[in-house]
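Subject: Structure for you to look at

Dear colleague,

I am passing on the structure we spoke about, with some notes on what I found in it. Please keep it open beside this message as you read.

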Amino acid sequence: MNLLVTGGCGFIGSNFIRFVHNARPQWKITNLDALTYSGNPENLADLDSQPWYTFTHGSINDRTLLDKLMPQADAVVHFAAESHVDRSILDSGPFIQTNIVGTQCLLDALRANDINKRFVHVSTDEVYGELPIDKPDVKFTEQTPIAPNSPYSASKAGSDLLVAAYHHTFSLDTVITRCSNNFGPYQFPEKVIPLFVTNLIEGKKVPLYGDGQNIRDWIHVDDHCEAVLAVLEKGKPGQAYNIGGNNEQSNLQLTRAILETLGKGKDMIQHVEDRLGHDRRYAIDCSKMKQELNWQPTRSAWPQALEKTVQWYTENETWWRNVKSGQYRQYYQQQYGNRTTN
Ligand code: NAD
Ligand code: DAU
């Protein structure tokens with residue numbers, strides 16, 4: 001198998017490449033990444049000289065490059081995206097360009113090359129909008145209507161609809177995954193868990209949005225990677241699969257758990273203005289993954305999984321300090337050139 005992974009220098013993509021290599025050591029993997037602010041080759045620095053791994057610096061919006069890469073690939077797993085909700089509220093432009101136009105570019109390259117190549121589109125539970133907090137039994141299923149609320153989730157929903165349309169119209173072998181909030185190593189410290197953990201290690205307070213009662217369904221990134229691999233190998237063409245951790249936590253519960261793990265007090269919480277349009281609750285029903293693909297989360301249970309992740313950030317201070325200070329970015333811009341967004 002020659003697998004083309006897009007966005008492999010980001011948080012989930014880099015964990016996925018390691019996960020797949022451990023699970024399928026005979027596979028060859030090409031990582032296409034534009035190295036935007038969140039793409040960090042350092043996440044995979046130890047793989048540089050591995051014969052099974054190739055890094056290509058470039059964009060999913062570059063059709064000429066895609067036409068060169070596509071014939072060498074047997075399948076594509078598409079992670080590349082603008083991924084942060086707060087940034088999409090500040091400026092939705094890059095989200096439209098990467099998440100919608102970039103996905104269209106990939107689909108067209110696939111269509112021109114070989115429609116029988118499997119294309120896994122990694123999407124998000126946020127395309128379903130939000131759930132109420134007073135009805136804990138209601139969860140997102142694959143039948144929940146698409147109703148995104150943020151510019152980020154609207155751009156992901158747009159790409160999901162394009163993927164479904166290319167399957168319907170051109171018979172492309174596509175599958176879509178919709179996962180909840182990931183946590184684990186190498187997450188860019190703008191997302192809540194690495195932001196809070198690294199702030200606390202630096203002696204800074206943690207900015208909790210609004211009343212802190214918003215709920216997310218937290219999944220360990222390795223559970224997500226395992227599920228994406230299962231969908232790549234066994235998912236049915238044209239289908240969407242929900243992936244979740246069965247692990248709902250309010251932001252206040254999450255914050256208290258991080259404070260406790262690091263031995264810090266509640267005085268380190270700084271209540272700040274809410275995110276605009278802040279979705280109240282996400283919760284995933286992933287019974288389709290269990291019934292059809294025999295997958296369920298096994299690494300996401302708290303408090304152990306959270307404690308392990310907190311420990312990773314305490315043990316990898318150089319990594320996040322360099323990310324926070326922009327040092328890696330400077331280094332890789334010199335090495336690869338500054339052709340990136342943000
Ligand atoms: P991330 O921001 O950490 O990584 C995104 C990667 O994509 C970076 O390496 C970046 O350089 C690359 N990229 C951006 N634009 C590109 C382009 N034009 N061409 C090539 N590469 C480009 O994001 P993440 O958290 O790892 O998320 C990966 C995917 O998973 C995204 O599609 C996201 O929507 C989805 N997702 C994320 C979560 C989560 O909790 N983080 C949950 C569900 C789904
Ligand atoms: O649900 C899947 C989605 O999860 C992915 O599609 C996105 O790519 C990913 O970024 C994530 O989106 P969220 O907006 O849920 O993640 P974030 O880490 O930004 O925020 C998690 C919760 O924490 C959310 O309710 C907002 C809150 N928060 C976040 C930050 C950054 C705070 O209270 N303070 C903060 O400083």
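Thr30 is in contact (heavy atoms within 4.5 Å) with Leu3, Leu4, Val5, Thr54 and Thr56, once its neighbours within four places in sequence are left aside. This residue is found in strand E2, residues 28–33, and at 19% relative accessibility Thr30 counts as buried. Here buried means under 20% relative accessible area, exposed means over 50% and partly exposed lies in between, with a 1.4 Å probe and protein chains only. Helices (H or I, at least four residues) and strands (E, at least two) are DSSP runs, numbered from the N terminus.

Before going further, please note that this is a predicted model, in which local features need pLDDT of at least 70 and side-chain atom pairs count only at pLDDT 80 or more, while totals for chains, interfaces and linings use all residues. Residues are numbered from 1 along each chain as its sequence is written, chains are lettered from A and ligands numbered from 1 in the order in which they are written, and side-chain values use heavy atoms, with hydrogens and water left out.

The ligand comes next. Of the 29 residues around ligand 1, those that come nearest are Asp33, Ser38, Ser83, Tyr152 and Lys156, where a residue is near a molecule if one of its heavy atoms lies within 4 Å of it. Polar contacts, which are pairs of N or O atoms within 3.5 Å, include one from an oxygen atom of ligand 1 to an N or O atom in the side chain of Ser83, at 2.7 Å. A polar backbone atom of Phe79 is 2.9 Å from an oxygen atom of the ligand, and a polar backbone atom of Ile60 is 3.0 Å from a nitrogen atom of ligand 1. Taken alone, ligand 1 exposes 830 Å², of which the protein buries 96%; these areas come from the Shrake-Rupley method with a 1.4 Å probe. Two or more residues of the shell are given by each of helix H1 (11–23), strand E5 (118–124) and helix H5, and the largest share, 3 residues, comes from E5.

The backbone also has some points that deserve a look. Most residues other than glycine have a negative phi, and most peptide bonds are trans. Ser171, however, has a positive phi of about 60° although it is not a glycine; this residue is found in the loop between helix H5 (151–170) and strand E6 (174–179), and Ser171 is partly exposed, with a relative accessible area of 48%. Tyr186 has a positive phi as well, near 70°, and sits in the loop between strand E7 (182–183) and helix H6 (192–201), but at 18% relative accessibility Tyr186 counts as buried. A cis peptide bond, with omega about 5°, joins Trp302 and Pro303, and the place of Pro303 is in the loop between helix H9 (287–293) and helix H10 (304–315).

Finally, if a disulfide is taken as a pair of cysteine sulfur atoms within 2.5 Å, the count comes to 0 disulfides. For Cys105 the nearest cysteine sulfur, that of Cys9, is 19 Å away, and Cys105 is buried at 12% relative accessibility. For Cys179 the nearest cysteine sulfur is that of Cys286, 8.8 Å away, and Cys179 is buried too, with a relative accessible area of 3%.

With best wishes

Key:
A polar contact is a pair of N or O atoms within 3.5 Å; within protein, one must be able to donate a hydrogen and the other to accept it, and residues adjacent in sequence count only if both atoms are side-chain atoms.
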